[in-house]
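Have the viewer open as you read.

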Amino acid sequence: MKKCLDGRYLVFTRYPDGIDGKWFYQKDCPAHAPSWIKTQAHVSQGGKRTINYVTGADAATLAWLGNQACIEVHSWLSRTRNLLHPDWAVFDLDPAPPAGFAEAVHTAWLLKDLLDDLNLSSCVKTSGGAGLHVYVPVRPIYTYQQTRDFVHAIGRILQKRHPDHITLQRPVAQRTGKVYIDYLQNGAGKTMAAPYSPRPLARAPVSVPLTWSMLTSHKTVYGITNVEEWLGRGDEAFWSVLCSRQVLPALR
DNA sequence: GCGGTAC
DNA sequence: GTACCGCAACGCTAC
DNA sequence: GTAGCG
């Protein structure tokens with residue numbers, strides 16, 4: 001089966017001095033990296049810079065990255081063969097205190113119900129923080145503008161139905177106590193934390209794919225720290241949904 | 001973490 | 001030798 | 001235009 005990071009540009013955050021020390025993003029694979037790391041040259045838009053993005057992450061690559069003190073792995077929403085056409089439309093659900101994980105779970109279920117009504121498949125993973133990521137697989141025939149408009153439109157419907165619980169407002173101050181649906185993550189060059197990416201926080205929480213039936217506000221879901229416990233449970237279903245590449249209905 | 005540069 | 005430095009960077013939204 | 005946001 002095609003892995004969900006195959007052919008995707010990856011971006012890393014590195015913490016050579018630990019999570020409390022200096023950190024930095026890294027996009028450009030260093031020249032001294034082993035030759036078996038898969039990369040692809042990419043000319044950045046506007047700026048006349050070429051970046052050799054790491055594409056895909058097999059076990060050996062992840063091991064090398066780990067030794068480079070990479071903690072977070074972020075990936076593009078499109079793949080190298082079709083960079084302008086994402087194959088994931090993503091809903092980034094970000095609860096603003098005092099809203100938390102339970103509110104994100106509630107919003108995710110509202111979203112799933114709406115997507116079900118539209119006959120669209122979807123899957124969910126924790127962000128590793130208090131939020132959730134909901135993915136709708138799409139055939140790579142839409143532009144980022146189109147998937148962004150789609151996620152925006154769905155977000156507006158939910159926000160209108162549940163104005164006290166959901167917001168699309170950018171300014172942080174206007175999100176207090178609500179779940180922010182960040183539709184703007186659907187854009188060229190934007191990235192999402194990859195499945196199983198750790199976060200640079202105490203106890204190293206991980207972004208974990210879940211089956212919908214596993215998604216409850218129970219403690220055992222929120223703040224997962226032990227990846228092994230979950231391997232072979234949620235991931236297979238998650239990846240099979242991601243690989244289904246269901247077509248979005250007509251976007252207007 | 002590590003290569004590149006400046007002293 | 002050792003000290004310091006870079007390691008991303010842009011579109012979209014709100015004001 | 002500039003600042004905020006991710």
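A polar contact here is a pair of N or O atoms within 3.5 Å; within protein, one must be able to donate a hydrogen and the other to accept it, and residues adjacent in sequence count only if both atoms are side-chain atoms. The model is predicted, so local features need pLDDT of at least 70 and side-chain atom pairs count only at pLDDT 80 or more, while totals for chains, interfaces and linings use all residues. Residues are numbered from 1 along each chain as its sequence is written, chains are lettered from A and ligands numbered from 1 in the order in which they are written, and side-chain values use heavy atoms, with hydrogens and water left out.

**Around the DNA**

Let us begin with DNA strand D. A residue is near a strand if one of its heavy atoms lies within 4 Å of it. Arg170, Val172, Arg175, Asp182, Gln185 and Lys190 surround DNA strand D. Sorted by type, these residues comprise one nonpolar, one polar and four charged; the scheme takes Ala, Val, Leu, Ile, Met, Phe, Trp, Tyr, Cys and Pro as nonpolar, Asp, Glu, Lys and Arg as charged, and the others, Gly among them, as polar. On the DNA side, sugar or phosphate accounts for 69% of the atoms within 4 Å of the protein, and bases for the rest.

| Side chain | Atom of DNA strand D | Distance |
|---|---|---|
| Arg170 | base oxygen | 2.7 Å |
| Arg175 | phosphate oxygen | 2.8 Å |
| Gln185 | sugar or linking oxygen | 3.0 Å |

**Strands and sheet**

Helices (H or I, at least four residues) and strands (E, at least two) are DSSP runs, numbered from the N terminus, and two strands pair if DSSP finds at least two bridges between them. Six strands form an open sheet in the order β9-β10-β6-β8-β7-β12, with mixed pairing. Its edges are β9 (166–167) and β12 (209–210), each with a single partner strand, so one side of each has no neighbour in the sheet. Inside this sheet, β7 (residues 123–126) runs antiparallel to β8 and is joined to β8 by four bridges; Cys123 has Tyr135 in β8 as its bridge partner.

Now turn to β5 (residues 70–75), where six of six residues are buried, buried meaning under 20% relative accessible area, with exposed over 50% and partly exposed in between (1.4 Å probe, protein chains only). Strand β1 (residues 9–14) runs antiparallel to β5 through five bridges, with Thr13 opposite Glu72. Two bridges also join β5 to β11 (residues 192–193), again antiparallel, and there Ser75 faces Met192.

**Nonpolar cores**

A nonpolar core is a set of buried Ala, Val, Leu, Ile, Met, Phe, Trp, Tyr and Cys residues joined through side-chain atoms within 4.5 Å. The largest has 34 residues, and Phe91, Leu93, Leu132, Val134, Phe150, Leu158 and Leu215 have the most contacts inside it. At least two residues of this core come from each of β6 (88–95), α2 (101–117), β8 (132–137), α3 (144–161) and β10 (179–182), with α2 giving the largest share, eight residues. Another core, apart from this one, has 26 residues, including Tyr9, Phe12, Trp88 and Tyr135.

**Cysteines**

How many disulfides are there? With a disulfide defined as a pair of cysteine sulfur atoms within 2.5 Å, the count is zero. For Cys29, the nearest cysteine sulfur is that of Cys70, 9.4 Å away; Cys29 is buried at 12% relative accessibility. For Cys123, the nearest is that of Cys4, 9.2 Å away, and Cys123 is buried too, with a relative accessible area of 3%.
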